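Please look over the model shown below before reading on. The paragraphs after it go through its parts in turn.

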Amino acid sequence: MNQTITQNAVTVTALTMKFDAKTVFHDLNFELKQGSMTALLGPNGTGKTTLINILMGMFPATAGSYTFAPGIKLGYVPQFRNLDAEYPLSIRSFMELNGPLFKSAEFKAEVNHELIETHLDSIQHIRMGEASGGQKQRAYLAQALLDKPNMVILDEATASLDPVAKEELMGLIKHLNEKHQITVLFVTHDVPLAKKYMKEYLYLNRGQLTQGKMTTFTEVYE
Ligand SMILES: Nc1ncnc2c1ncn2[C@@H]1O[C@H](COP(=O)(O)OP(=O)(O)O)[C@@H](O)[C@H]1O
Ligand SMILES: [Mg+2]
């Protein structure tokens with residue numbers, strides 16, 4: 001038999017999350033294939049961040065389970081935070097926070113590589129505090145890429161970016177998926193942007209989840 005079997009990157013089974021008496025979601029079941037590119041959509045407060053925080057192992061679910069395939073290495077780009085304009089570290093030094101105290105030539109070469117990959121090499125010495133939203137968001141991505149993940153989860157990474165910065169970040173994510181086979185789970189509000197760049201969707205609303213091809217997504221919310 002000459003059959004290619006696409007393995008799951010992650011399998012989620014009967015996942016339920018409650019905060020005290022409040023059920024955020026109940027009995028979620030889904031799979032993400034290795035190399036897939038999925039938008040996690042849904043209205044504000046529906047539990048998208050809660051779901052990915054559970055997948056990142058930040059806190060346990062109330063019930064149910066999830067399993068990552070052996071060899072899956074996760075990278076995470078958190079929801080946008082505004083850094084103080086006085087934040088003193090350069091883009092490069094900020095990335096290097098995610099590294100050893102003694103910076104080997106090999107590590108420095110890795111930093112150079114990811115700076116180029118994320119189009120930050122020419123501005124690596126400007127302070128994070130004075131970087132634009134798009135540059136900051138790419139610095140967070142570059143920092144995550146230093147760990148050589150084969151799956152990245154991004155939470156509202158484009159939420160406060162202007163249209164040009166949005167397209168640049170999405171182009172980068174597309175490149176990571178297509179050229180480096182990185183599995184992508186991209187949390188967003190922005191359905192048109194998801195339609196342009198993502199292939200599948202997970203739609204979380206009122207504690208329920210649906211999954212499908214992005215081209216067939218027709219829900220209207222908010
Ligand atoms: N640590 C927490 N304690 C109590 N409630 C929480 C906590 N984190 C999130 N929630 C609640 O869970 C729901 C989902 O939040 P969240 O996952 O942030 O939604 P989304 O990312 O889709 O906007 C919201 O009602 C929120 O108030
Ligand atoms: Mg959120």
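The protein is assigned two domains, domain 1 (1-73 + 150-222) and domain 2 (84-148), with bounds that come from an automatic or database domain assignment. The model is a predicted one, in which local features need pLDDT of at least 70 and side-chain atom pairs count only at pLDDT 80 or more, while totals for chains, interfaces and linings use all residues. Residues are numbered from 1 along each chain as its sequence is written, and chains are lettered from A and ligands numbered from 1 in the order in which they are written.

Taken over C-alpha atoms, the centres of domain 1 and domain 2 are separated by 25 Å. Where the domains meet, nine residues of domain 1 are in contact with 10 residues of domain 2; contact requires that the C-beta atoms of two residues, placed from the backbone, lie within 7 Å. On the side of domain 1 that touches domain 2, helix 5 gives the most, with four residues. Helices (H or I, at least four residues) and strands (E, at least two) are DSSP runs, numbered from the N terminus.

An open sheet is formed by three strands in the order 2-1-4, with antiparallel pairing. Strands count as paired if DSSP finds at least two bridges between them. Strand 2 (22-33) and strand 4 (63-68) are the edge strands, each pairing on one side only. On average, neighbouring strands of this sheet are turned by 15 degrees against each other, direction ignored. Five bridges join strand 1 (residues 8-19) to strand 4, and Thr16 has Ala63 of strand 4 as its bridge partner. Helix 1 (residues 48-55) lies across strand 1, strand 2 and strand 4, and runs at about 120 degrees to strand 1. Such angles run from 0 to 180 degrees between N-to-C directions, with axes fitted to C-alpha atoms, for helices over the stretch in contact.

Strand 3 (residues 37-41) is mostly covered, as five of its five residues are buried. A buried residue has 20 or more other C-beta atoms within 10 Å of its own, an exposed one 12 or fewer, and a partly exposed one a number in between, with C-beta atoms placed from the backbone. In a regular strand the side chains alternate between the two faces of the sheet. From strand 3, Met37, Ala39 and Leu41 point one way, and Thr38 and Leu40 the other way. Strand 3 pairs in the parallel sense with strand 7 (residues 183-187) over four bridges, and Ala39 stands opposite Phe186 in strand 7. Strand 3 also runs parallel to strand 8 (residues 200-205), joined by four bridges; there Leu41 has Tyr203 as its bridge partner.

How much of helix 4 is buried? Of its 13 residues, 11 are buried, so helix 4 is largely enclosed by the rest of the structure. Its buried residues pack against strand 5 (74-77), helix 2 (91-96), helix 3 (105-117), strand 6 (151-155) and helix 5 (163-180).
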